[in-house]
Amino acid sequence: MATIHLTLAALLILAAVFLSTEITAQPAAPAPGPAAPTNITAILEKGGQFATFIHLLNTTRVGNQINIQVNSSSEGMTVFAPTDNAFQNLKPGTLNKLSYDDQVKLILYHVSPKFYTLDDLLSVSNPVRTQASGRDGAVYGLNFTSQGNQVNVSTGFVETRVSNALRKERPLAVYVVDMVLLPEEMFGENKVSPAAPGPKSNSPDVSDDQEKAGAPSDKQGRLRCISGSGEMKAGLGLALGLVFVCLKLVV
């Protein structure tokens with residue numbers, strides 16, 4: 001009986017040693033890697049209702065600018081993202097009528113070069129600079145007002161509320177807006193005119209239709225000069241001949 005007890009005790013000791021060996025032999029969990037760089041497109045895709053805004057960020061390359069600046073600047077950034085419904089509610093042709101440069105300004109107008117929390121926006125000094133500020137020598141700023149804990153944003157042309165945050169951690173805050181932020185400088189009554197083009201030549205350009213209708217080409221001009229010169233020579237020869245005949249008659 002004592003032998004059995006000794007055998008069981010030995011087996012228990014061996015099992016305990018084996019288990020402790022297995023536990024200590026397990027490798028330690030790897031340390032977490034560095035956080036992935038902030039990407040505005042990934043944040044909007046996760047939101048699920050920003051296809052048009054994502055498209056414009058890509059075509060204007062503003063999205064790349066945001067990703068580079070937000071990962072290198074100590075100031076952070078704030079993006080106001082219009083929903084697809086916001087773009088659908090625009091007057092038909094609003095975007096298509098804009099030049100490429102104006103589309104860039106419109107998207108830059110939705111981006112502030114500083115990180116703002118919602119509490120910051122409740123008490124911020126207006127107007128708030130955007131990435132479009134200074135273009136065409138204009139302000140291109142946003143104005144924020146509060147109603148209780150609700151934040152509203154105004155462009156001077158449209159006003160809407162700042163909705164929920166898709167992201168609110170530094171260095172990038174992304175807030176949903178229910179309207180496209182149309183800047184007064186581009187859509188208001190006193191909209192800023194683009195830079196004036198250089199002075200035109202005093203002589204108007206000749207179009208293809210004008211040339212076909214009879215506007216002389218260089219070649220045609222040269223031919224007319226040659227023809228006129230020949231006519232002058234022929235007239236001079238005739239006059240000299242008449243003078244010679246008259247002199248003979250007199251003699």
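**View 1. Residue classes in the lining of the second largest pocket.** In the lining of the second largest pocket, eight residues are nonpolar, two are polar and two are charged, as found in a predicted model. The volume of this pocket is about 180 Å³.

**View 2. The buried residues of helix H3 and what covers them.** Within helix H3, which spans residues 51-59, the residues Phe53, Ile54, Leu56 and Leu57 are buried. Viewed down the axis of H3, these buried residues fall within an arc of 165°, and they therefore line one face of the helix. In general, an α-helix has 3.6 residues a turn, so residues three or four places apart point the same way. The cover over the buried residues of H3 includes helix H2 (40-47), helix H4 (62-70) and strand E1 (77-82), as well as helix H5 (84-88) and helix H6 (100-108). After H3 comes Arg61, which has a positive phi near 65°.

**View 3. The hairpin formed by strands E3 and E4.** Strand E3 (residues 143-147) and strand E4 (residues 150-154) run antiparallel and are joined by five bridges. Gln147 has Gln150, in E4, as its bridge partner. Two residues lie between E3 and E4 in this hairpin, and Gly148, located in the turn, has a positive phi of about 70°.

Technical notes:
Residues numbered from 1 in each chain as written. Predicted model: local features only at pLDDT ≥ 70, side-chain atom pairs only at ≥ 80, totals over all residues. Heavy atoms only, no water. Buried < 20%, exposed > 50% of the residue type's maximum accessible area, 1.4 Å probe, protein only. Helix = DSSP H or I, 4+ residues; strand = E, 2+ residues; numbered from the N terminus. Arc of directions from axis to C-beta. Contact = heavy atoms within 4.5 Å. Pairing = 2+ DSSP bridges. 1 Å grid on protein atoms, 1.4 Å probe; cavity = no way out; pocket = protein on both sides within 12 Å on 5 of 7 lines; lining within 4 Å. Points joined across faces, edges and corners; volume = space filled by probe spheres on them. Nonpolar A, V, L, I, M, F, W, Y, C, P; charged D, E, K, R; others polar.
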